[in-house]
Amino acid sequence: MSQRLIARLRLFGILILACTVIGLGEFALFADDDAWSRVSPAHIGFSWFVGSAMAYGFEILLVPSRYGAPIRRMHFLSAIFAKSAFLVLVVILATVIGDLVFLGHLDLDFMVDPERGFARTLLIVFALVLTLQVIIQVVRIIGAQKLLNMILGRYRQPVAEDRIFMFLDLAGSTALAERLGDVGVQRLITRFFFDISEPIAEYGGEIHQYVGDEVVVTWPLGAPEANVRAIRCAFAIADTVRAKSAGYARDFDVIPAFRIGLHGGPIVISQCGDQKQEISYFGDTINTASRVVDACKTYGRGLLISGDLLSRIALPDRFRSTLLGTVQLRGHARETDLLGVELV
């Protein structure tokens, strides 16, 4: 079981427990209301438990999975209203299940009477769900970590950090544009970037930006055992593209090829801009990572990693590294080792 799935399941359990407690708190708050005389604390707790399990199972487990891809592809407003409507239906369904379990029948009078508790609860839930869905969609556009850093003001002043960078670019994009046309190749790039987002998230990568046919991914540079995530991510991306190759061949008559360059080291991070703000990275480490992916063409490799970064990675036995050369990358005074990494 992946660490990402474990984290989701942990969050899933915490939220279900929290919602059940909230439901019991709501019962305690309105216990004197005649509308609540029909139910018991167990009834309310059970309904909130079932409803939150379905709602968060949908939002935390289904939507981020491969089965939720059609939902994630929906545009902003469609996703907000479709998911909000579904979650409100979940609340109604949870109420129905609770009534059938504890009352033995469905209390329609309670559900349709605007003067009673259910209508009030449903209105509150709808407002909360709609607000939550707007926040979720905005987070997906900006990026969770980037948005959090902006909210906290972490990089309002320049901060020095050590980070790993992955530069990944689509190979042969010029030829693809001639073959598929500008719109066709952009459809391919859009599909490709969407598909590789899952393995990037799986291995803890933060997508910094998309530039044309290139994506820049970053990780904190930490312990050697943690740094290997960048290499595992590169191979997971290749596995993902292979698994989806039939779909690419059917829709585009081509399976996208790509190159990956990995490097890590010190950089400076700062929040820049006014009307449109960004978290920007500065330093020689980024330039070197860009040069490493360019060198993939020279060595005919799909993946290259700098010796500087590999020296800070605990490479598992299933991977083998090969020194391809010590070269002076364009614009740099000192030489850099370039290594290929393969599965044994």
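The legends below describe close-up views of a predicted model. Residues are numbered from 1 along each chain as its sequence is written, local features need pLDDT of at least 70, side-chain atom pairs count only at pLDDT 80 or more, and totals for chains, interfaces and linings use all residues. Side-chain values use heavy atoms, with hydrogens and water left out.

**View 1. Helix α2 and its kink.** Helix α2 covers residues 41-62; helices (H or I, at least four residues) and strands (E, at least two) are DSSP runs, numbered from the N terminus. From first C-alpha to last, the 22 residues of α2 reach 30 Å, close to the expected 32 Å (the expected span is 1.5 Å times one less than the number of residues). A kink of about 30 degrees is centred on Tyr 56; the bend at a residue is the angle between axes fitted to the seven residues ending there and the seven starting there. Buried residues of α2 include His 43, Val 50, Ala 55 and Phe 58; buried means under 20% relative accessible area, exposed over 50%, and partly exposed in between (1.4 Å probe, protein chains only).

**View 2. The largest nonpolar core.** A nonpolar core is a set of buried Ala, Val, Leu, Ile, Met, Phe, Trp, Tyr and Cys residues joined through side-chain atoms within 4.5 Å. Of the 38 residues in the largest one, Met 166, Phe 192, Ile 196, Ile 231, Leu 262 and Ile 305 touch the most other members. Helix α8 (residues 173-202) gives the most to this core, with 8 residues. Leaving aside neighbours within four places in sequence, Ile 305 has contacts that include Ile 231, Leu 262, Val 292 and Asp 337 (contact means heavy atoms within 4.5 Å).

**View 3. Strand β4 and its partners.** Strand β4 (residues 258-272) has 12 of its 15 residues buried, so the rest of the structure largely encloses it. Two strands pair if DSSP finds at least two bridges between them. Strand β1 (residues 159-170) runs antiparallel to β4, joined by 12 bridges, and Leu 168 has Ile 260 of β4 as its bridge partner. With strand β6 (residues 303-306), β4 pairs in the parallel sense over 3 bridges, and Gly 261 stands opposite Leu 304 in β6.

**View 4. The hairpin of β4 and β5, and two cysteines.** Strand β5 (residues 278-282) is antiparallel to β4, with 5 bridges. Between these strands lie 5 residues, and Gly 273 in this hairpin takes a positive phi near 95 degrees. Cys 272 has Glu 278 in β5 as its bridge partner and is partly exposed, at 27% relative accessible area. Cys 19 is buried, at 12%. A search of the whole structure finds 0 disulfides (pairs of cysteine sulfur atoms within 2.5 Å).
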